[in-house]
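Reader: I've got the model open and I'd like to know what the labels rest on. Can you walk me through the cut-offs?

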Amino acid sequence: MTKKIAPSILAADIMNLEHDVKMAEKAGADLFHIDIMDGHFVPNMSFSPSVIEGMKRVTDKPLDVHMMIDNPDQYIKPVVDAGADTVLIHTESTNHIYRSIELVKSLGAKAGVVVNPGTPLENVKELFPIIDQILVMTVNPGFGGQSFLPGMLRKIQRLDQLRQTSAADDFEIEVDGGINAGTIKQCSDAGADIFVAGSYLFNGESEAEFAEKVDKLRQS
Ligand code: DX5
Ligand code: ZN
């Protein structure tokens with residue numbers, strides 16, 4: 001599968017979001033990752049559907065929406081209407097993950113399921129036939145700038161093996177948290193396809209530095 005780089009706008013300059021989105025596009029970003037947090041499912045708050053709507057106005061790249069909220073079903077239609085191309089849902093955030101995924105698909109968006117560091121892969125195997133992506137969290141969700149959990153590499157490998165031996169192998173493996181030029185290579189070797197990067201990309205000083213970092217990620 002084609003490897004893709006997804007800048008996480010959680011780490012962008014919110015007062016200059018359009019500028020940062022254009023900079024990331026110019027540097028070769030394949031899609032954008034948007035974190036929605038409610039202060040309940042995770043101990044932090046972030047964007048809402050209005051930000052997705054704003055992003056849609058300034059970019060044609062796919063919008064990958066990571067729902068870190070309780071009762072996600074209630075907000076699936078609002079985020080799809082706002083322009084989400086993919087909606088990613090944590091298994092623990094809903095009583096009926098299969099139903100939530102079906103709801104996303106019924107609205108015409110791509111659907112993904114998210115596994116926290118402590119979530120066993122066993123919990124998502126039954127979803128393989130109906131999902132487009134599986135997001136493996138490589139940090140505990142809620143904050144940018146945390147260190148990559150090396151124990152997750154084994155999990156990515158196991159997921160890739162499960163995918164290779166399954167008839168329902170048509171989904172991408174995404175990683176989110178602590179991705180930089182070093183960890184991206186390890187995740188890629190383990191079988192990941194989509195790489196979310198926040199602080200590594202946006203904490204630089206200039207557009208040239210941003211572009212260099214995207215190149216580095218791609219080369220790794
Ligand atoms: C964390 C978010 C991530 C975050 C990643 O809960 O899901 O998308 O932006 O940030 P970095 O790349 O800084 O770990
Ligand atoms: Zn995320």
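Author: Helices here are DSSP runs (H or I, at least four residues), strands are E runs of at least two, and both are numbered from the N terminus. This is a predicted model, where local features need pLDDT of at least 70, side-chain atom pairs count only at pLDDT 80 or more, and totals for chains, interfaces and linings use all residues. Residues are numbered from 1 along each chain as written, while chains are lettered from A and ligands numbered from 1 in written order.

Reader: How do you know that the span of helix α8 agrees with what it should be?

Author: Helix α8 (residues 207–219) has 13 residues and should span 18 Å; its end C-alpha atoms are 18 Å apart, so the two agree.

Reader: What makes residues of α8 buried?

Author: Buried takes 20 or more other C-beta atoms within 10 Å of a residue's own, exposed means 12 or fewer, partly exposed is in between, and C-beta atoms are placed from the backbone. In α8, F210, K213, V214 and L217 count as buried.

Reader: Why do you say that they line one face of the helix?

Author: Seen down the axis of α8, the buried residues fall within an arc of 100° (taken from the directions from the axis to the C-beta atoms), so they line one face. Exposed A208, E209 and Q219 sit on the face turned away from that buried side.

Reader: Which residues are closest to ligand 1?

Author: S8, L10, G144, G198 and S199, out of 22 surrounding ligand 1, where near means a C-beta atom, placed from the backbone, within 6 Å. β2 (32–37), β8 (194–197) and α7 (199–202) each supply at least two residues of that shell.

Note on methods
The expected span of a helix is 1.5 Å times one less than its number of residues.
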